Amino acid sequence: MAAAIDAHALIDAHYRSLYRYAYRLGGSAADADDLVQETFGKALPRLATLREPAHAKAWLFRILRNAYLHRVRDEKRNRCVPGENLDGYAAPEPAPPPAVDPATLQAALDDLDETFRTPLILFYFEDFSYREIADQMDLPIGTVMSRLARAKNYLRAKLSPGNETDGLPAR
Amino acid sequence: MDCPHASLLLLFHRPGRPSDLVPADAAALDAHLAACPACAGALAARTAQDAAVGAAMNAVPVPVDLSDRLKSNLASQLRWAWRRTAVKFALAASLLVAAYGAFVAYTRPVLDLAALADHQDRLWQAPGLTAADWLTEHRLTDALPEAFDLRLATFAGRRDLQGVPTLALRLDANGRQTAWVYFLRPADHNLREIATGQYTSNVAVRVYRDLPGGWTVVVAYTGNHFNAFLRGPGSDA
Ligand SMILES: [Zn+2]
C-alpha cells in the first residue's frame with residue numbers, strides 16, 4: 001500500500017524532532033508521547049493533501065503546536081510569565097557560558113509564555129529559519145525577532161549561576 | 001557601519017546557517033566584525049551560549065519504541081478508517097431504507113369507507129347515469145362498441161385482468177346473465193391472436209378492434225342472449 005509506505009517514511013524522518021519539540025513545549029515525557037501520537041494521528045489521514053513533501057516538517061510541527069495549544073486551552077493552564085515582564089531580564093555581561101543543564105532549561109521554558117517559548121525552541125532546534133518560525137506562528141517576522149531577542153535575554157538570565165530566583169514569578 | 005547597527009544585524013546572523021541578511025548587509029557586517037573586537041566578542045559569546053543552550057534543548061531522550069508504536073497506531077488507524085467507511089455506508093443505506101419506509105407509510109392513502117359507500121350507493125340508485133359518467137370520465141364513451149344498456153351496470157372501475165389493472169364495466173341482466181366489458185390497450189397485452197368465439201358452454205367472447213381512441217374492447221358474457229345487455233327498441237337510457 002503506497003500510502004502506508006509514505007507514512008512510515010514520514011514517521012521515521014520526523015518523530016524524533018517532533019518528540020523533542022513536544023517535550024520542550026509541554027515539559028513532560030508522557031504529554032510529549034501523547035502529542036506526537038496525536039500529531040501523526042491527525043496528519044496521516046491528510047497526507048494526500050500535502051502537496052510539497054519538502055514542507056512536511058513545518059506542516060507536522062504546526063499540527064503538533066495546534067494540538068498542544070488545544071490541550072493547554074482545555075486545561076486552562078496559566079502558570080507562565082506574562083510577556084510584558086520579560087524586559088526585566090537584562091543580558092548579563094559576556095562570560096564563558098556554563099554548560100546548560102537540560103532540566104534547568106526545561107524549568108525556565110515551563111515558566112515562559114507559549115508565545116515566547118515556541119520561537120525559542122524552534123530557534124534552538126536550528127531546523128527552522130526566522131521566516132519559517134514566523135510562518136509556523138502566523139506572525140510577522142519582526143514580531144518573531146523581537147520575541148526571540150527578549151526570550152533569549154530571559155533565558156540567559158535564568159541560566160546564569162546565581163540568577164535562578166532573580167525576579168522570577170512563582171509558578 | 002557603527003556598533004548599534006552591527007548589533008541589530010547580528011540578530012539576523014546565525015553562524016553555520018544561511019544568513020537571513022541580504023548579501024550587501026552580510027558583507028558590511030562581516031567587515032565590521034573583522035574590525036571591531038567588541039562586536040566580534042559579543043558574537044562569539046552569543047554563539048557559544050547559543051551552542052550550549054541548543055545542545056541542552058536537543059538533549060531530550062526519545063523513547064526507543066515510539067517509532068514502532070506510531071506505525072502500529074497507523075495500521076490500526078487504517079483498519080478503523082476502512083471499518084468506519086463501511087459503517088458509514090451501511091448507516092447511510094439503512095437510513096435511506098428507513099426514510100423510504102417512512103415516506104411510504106406517511107404518504108399511503110387513508111381508506112375512505114364513506115367514499116366507497118357513496119360510490120356504491122350512487123351506482124345502485126342510478127346505474128345508468130353513474131356508468132355513463134364513468135365512461136365520460138375515462139373518455140370511453142366513443143369506444144363503446146355496442147349500445148349497451150347502462151342501467152344494468154353493477155360495476156364500473158379497474159379490475160385485475162391477468163395481472164393488469166384494466167378498465168372494466170359489468171352488466172347484470174335477468175336470469176344470472178353477466179357481461180364483463182374490458183377496455184384494452186395494445187401496450188398492456190398482446191392482442192394479436194385473440195378472436196371472437198364461444199369459449200366454454202356458458203361463456204362467449206366478442207372482440208372489437210380499432211375503436212376510437214385506439215381501444216380494443218373484449219366482452220365476455222354468459223347466457224345465449226347477447227341482446228339482453230343491449231338497449232331495447234324504444235329504450236332511451
Ligand atoms: Zn562594533
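User: What makes a residue buried, partly exposed or exposed here?
Analyst: Buried means under 20% relative accessible area, exposed means over 50%, and partly exposed lies in between. The model is a predicted one.

User: Why is Asp138(A) called exposed?
Analyst: Its relative accessible area is 59%. The cut-off is over 50%, so the term exposed applies.

User: Why does Arg62(A) count as partly exposed?
Analyst: Arg62(A) has 30% relative accessibility. That value lies between 20% and 50%, so Arg62(A) is partly exposed.

User: What makes Arg62(A) and Asp138(A) a salt bridge?
Analyst: The closest N and O atoms are 3.2 Å apart. The limit is within 4 Å, so the pair qualifies. Arg62(A) sits in helix α3 and Asp138(A) in the loop between α6 and α7 of chain A, 76 residues apart.

User: Why is Val104(B) called partly exposed?
Analyst: Val104(B) has a relative accessible area of 36%. Val104(B) lies in helix α4 of chain B. With Tyr100(B) and Phe103(B), Val104(B) forms a nonpolar surface patch of about 340 Å² accessible area together.

User: How do you know that the span of helix α5 of chain B agrees with its length?
Analyst: The helix has 13 residues, and at 1.5 Å a residue they should span 18 Å. The end C-alpha atoms are 18 Å apart, so the two agree. At the start of α5(B), a side-chain oxygen of Asp112(B) comes within 3.2 Å of the backbone nitrogen of Ala114(B).

Definitions and conventions:
Residues are numbered from 1 along each chain as its sequence is written. Chains are lettered from A and ligands numbered from 1 in the order in which they are written. This is a predicted model: local features need pLDDT of at least 70, side-chain atom pairs count only at pLDDT 80 or more; totals for chains, interfaces and linings use all residues. Side-chain values use heavy atoms; hydrogens and water are left out. Helices (H or I, at least four residues) and strands (E, at least two) are DSSP runs, numbered from the N terminus. The expected span of a helix is 1.5 Å times one less than its number of residues. A polar contact is a pair of N or O atoms within 3.5 Å; within protein, one must be able to donate a hydrogen and the other to accept it, and residues adjacent in sequence count only if both atoms are side-chain atoms. Patches are made of residues with over 30% relative accessible area and no salt bridge: like charges are joined within 9 Å, nonpolar side chains (Val, Leu, Ile, Met, Phe, Trp, Tyr) within 5 Å. Accessible areas come from the Shrake-Rupley method with a 1.4 Å probe; for residues, only the protein chains shown count as cover. A salt bridge is a side-chain nitrogen of Lys or Arg within 4 Å of a carboxyl oxygen of Asp or Glu. Buried means under 20% relative accessible area, exposed over 50%, partly exposed in between (1.4 Å probe, protein chains only).
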